[in-house]
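Hi everyone, thanks for coming. Let me put a structure up on the screen, and then we can walk through it together.

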Amino acid sequence: MYTPHTDSEREEMLKVIGVPSIESLFEDVPAEHRFPKLNLPEPLSEMEVTAQLQELSSINETTQDLICFLGAGAYNHYVPAAVDTILRRGEFYTAYTPYQPEISQGTLQAIFEYQSLIANLTGMDASNASHYDGATATAEAAVMAYHHFRGKRTRIVVSPAVNPQYRAVVRTYMAGYETVEITGDQQINPFHAPEDLLPLIDTNTSLVIVQYPDFFGRVRDYTNLAQIVHEAGALLAVVINPLALALFKSPGEMGADIACGEGQPLGIPLSYGGPYLGIFATKKEYVRKMAGRLVGETTDKQGRRGYVLTLTAREQHIRREKATSNICTNQGLMALAATVYMSLLGKTGLRQVAELCYHKAHFTAQQINQIPGFEVDLSTPFFHEFVVKCPDSVEAINEYLLDNGILGGYDLGNDYPSLKNHMLIAVTEKNTREDIEILCEALKEYSHD
Amino acid sequence: MTEPTIYELSSPGRQGVRYPQPDVPLAELPQDLVRKELPLPELSELNVIRHFTHLSHLNYSIDGGFYPLGSCTMKYNPKINEEMARLPGFLHTHPLQPIETVQGNLALMYELQEYLKEITGFDAVTLQPAAGAQGEFTGVMIIRAYHKSRGDTKRTRILVPDSAHGTNPATSAMSGYEVVHIPSDKRGNVDINAIRAACDDTVAGLMLTNPNTLGLFEEQVVEVNKIVHQAGGLVYGDGANLNALLGITRPADLGFDIMHINLHKTFSTPHGGGGPGSGPVAVTAALKEFLPGPIVEVIEEGDEEMPPMFGFYQPNQSIGRVKAFHGHFGMMVRAYTYISMHGAEGLRKVAEYAVLNANYLLARLRGTYKVPYDRICKHEFVAEGVWDDAPGVHALDIAKRLMDYNFHPPTNYFPLIVREALMIEPTETETKQTLDRFADVMLKIAEEAHQQPDLLHEAPHNTPVGRLDEVKAAKELVLCCWLPEQVQN
């Protein structure tokens, strides 16, 4: 199958090596632990494994079977066919990290274009080649800020309206830095205004982390916050949804130092949570402090334009324990997906998708707000996600919705004790007016029953 | 030959994909928050397809040729894996769906955890880490949490052999540990006396790669692990080289406490031009409760009529999340497919042939290339890319010259303990013919190095671009481009 030697080839090779058998290549393995019997199922043929996995996958109910209003960090967007067509090219997906630039210009130029698109979209000076996901990109922002101040500023202020999973990952990443204190998200009201963070920001603060749109979908202007963060000498990281940036002011325009976030909305399928794409972009002055791969433009001896991995002296394979991050991969293929997606949609298409999400979400919110017992705060601007205060537990409502073929919103009570009976609903361009009406009908019926 | 960028191909007003008109009334936009300019390129679908197809032609890949890149296990990526990961039932599930709607996903994850436990001998597995480096981070944070849970706060040092991947010391440092370097001995093993001397009650653990980065099995591994345990430390196994051990030995049986597994090396998920990887972490029973959660478990036993119900379990002393959601699920589907198609016998054959191929290449190159730690190797070996009687020729020149013969170069300049290292890992999926062709070319290049060294110095000659000016790239730092009419900076 994937081990192609014939018996006679194997014998010839053993003869060249000068050993009598394959087993004799393993005499350095302790005899008592050598050749264990592994208890694994009998091997399947390609035909059998296909049948088995088709059956297994068909047990799931998917966002294609159900009407999906679930978001909370992963969104059900349409992915044009051309994206996967490019991703399936073996020249891309079976290549390694482009360490040998002469034979990796395809990957390198694609990453360079990715970096360009992300820099333009976020309004920042430079993007890296990507991190694992939005959560780890946010954690890398915390690590970068720590090292930027050489460990002398030990406070990180995090808004409670940052995705709870991202906050958890920031805490895990910073656990090794024992002096660091992460504050804010346990102290203030989840629905806070940007100004509510100000009392927490001091001259010991290295980084302030906010989200845009925030975890509850709200779009707040962080321009003033950025100014005050900078007056305290600290850095501001804005966790972004890249799609929202096609419609709303960029973090660069607001004065952010770091824009990080989840790139999944840019043409990457839901795939049960991964692989996704960690976006990380920053200002020029911090480029050398940024972790992760970077591609730069250069020329060869004949003056032909080409691309290479650059500033590699920051990385673990050179700096070893002096490196500020151990990252060695990026999400190469996912960055390629986002690049193809953004190239296809371009400036008009991306804005169009963002607007479709916006209008459909607002229509949904208004409709739900009219249902007795359900309440939506329509006073704060939001993108494509909003909080619904429900008359009952979200779990019970979602169970009812599921029985009606609807994948309901996220239960905010899971992460916020004060938000029991609050549901986070996401609406994308894939939700038709009919979908929205079915949801509202079901909620109405629920409140009647 | 240079391909224009998407910015250069852009033409105002073009669009590659059309969307339906809004079917709801338009809501008012908050004008003070709305973006005024969106400086993105504008292309047609065919522009995009041609552009990226052209770019793909500039890449070397496993599908295109032999990729003996040491330490990276560039084995063939079976096509069926790609199909399975894209089954709609998997692809279109949302990570926060109620568990009763994703029993297929959870069953697959559970089975994969079980397979990895069986293959490595460990008692528990998390599938969450996104890549090998993140698996390492997870492992070292578990070491940290373990000692902390015992009130043992004196342990501030991690032992790392000098042959280790750069990620090992970087991970230890980012986890708050001081790194102690341990030299290698004459046979290429970690120096057991140095381990003994370094082990005291300040040692949190040892990070050991086995087979090590010289491609050699650590001959005293059981004894080394015992020494660390006796000093109260834990041993972290870097699973980068697990391909050589499938069905040959189980790392947990050798005394390792923790290990990460690279699904993208050992279990054939594609490297994707630098990711996504996937780095599950396996631990002994004593460390299960420290794993990042959630992990998949059976929450209701099944019977003859009902399959078991799978759900999530949150370890009670967890180091916390290392990434959002459940890890790289798409990679798990691919690895599951691969393991299902191999079974126990097939996996053992993978390791056997990986080792056979490496030893065959070693035998063919020995004598022409110096191999400083020359004994039976495992899945890879490290030769010197330099000769005393061919001054001025370096490993880098050999690497670049290989491209002219349409081979991907081996890893070079790593591990650091070999002069001008060429680290060669053929993997099990290559035929004898390919190996012979590669060996013949390597011998020819050795000859060229002595007779026409300029051929090597100026190589590559046949690639889309020649050697690129890396100093210029770092100095000028052009990291992105803009639309022509908006040239900034």
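How many helices and strands does chain A have? Chain A has 13 helices and 15 strands. Before we go on, please keep in mind that this is a predicted model.

Let's stay with chain A for a moment. Along the principal axes, its C-alpha atoms fill a box of roughly 80 × 55 × 50 Å. There are 449 residues in chain A, and 61% of them count as buried. Now take the contacts in chain A between residues at least 6 apart in sequence: 72% of those join residues at least 24 apart.

Next, a pair of helices. Two packed helices are described by the angle between their axes and the distance between the axes. Our pair is helix α6 (residues 134-148) and helix α7 (residues 164-174), both of chain A. Their axes come within 8 Å and cross at roughly 45°, so α6(A) and α7(A) are oblique to each other. The crossing of α6(A) past α7(A) is right-handed. Which residues make the contact? Among them are A139(A) and V143(A) from α6(A), together with V169(A) and Y173(A) from α7(A). By type, the residues of this contact are nine nonpolar, four polar and no charged.

Finally, let's bring in the partner chain. Here, 170 residues of chain A are in contact with 166 residues of chain B. Which helix gives the most to chain A's side? That is helix α11 (residues 332-369) of chain A, with 23 residues. The side of chain A that touches chain B has 78 nonpolar, 62 polar and 30 charged residues.

Methods:
Residues are numbered from 1 along each chain as its sequence is written. Chains are lettered from A and ligands numbered from 1 in the order in which they are written. This is a predicted model: local features need pLDDT of at least 70, side-chain atom pairs count only at pLDDT 80 or more; totals for chains, interfaces and linings use all residues. Two residues are in contact if their C-beta atoms, placed from the backbone, lie within 7 Å. Helices (H or I, at least four residues) and strands (E, at least two) are DSSP runs, numbered from the N terminus. Ala, Val, Leu, Ile, Met, Phe, Trp, Tyr, Cys and Pro count as nonpolar, Asp, Glu, Lys and Arg as charged, and the others, Gly among them, as polar. Axes are lines fitted to C-alpha atoms, for helices over the stretch in contact, and angles run from 0 to 180 degrees between N-to-C directions. Angles under 35 degrees count as roughly parallel, over 145 as roughly antiparallel, 65 to 115 as roughly perpendicular and the rest as oblique. A crossing is left-handed if the near helix is turned anticlockwise from the far one by less than a right angle, and right-handed if clockwise. A residue is buried if 20 or more other C-beta atoms lie within 10 Å of its own, exposed if 12 or fewer, and partly exposed in between; C-beta atoms are placed from the backbone.
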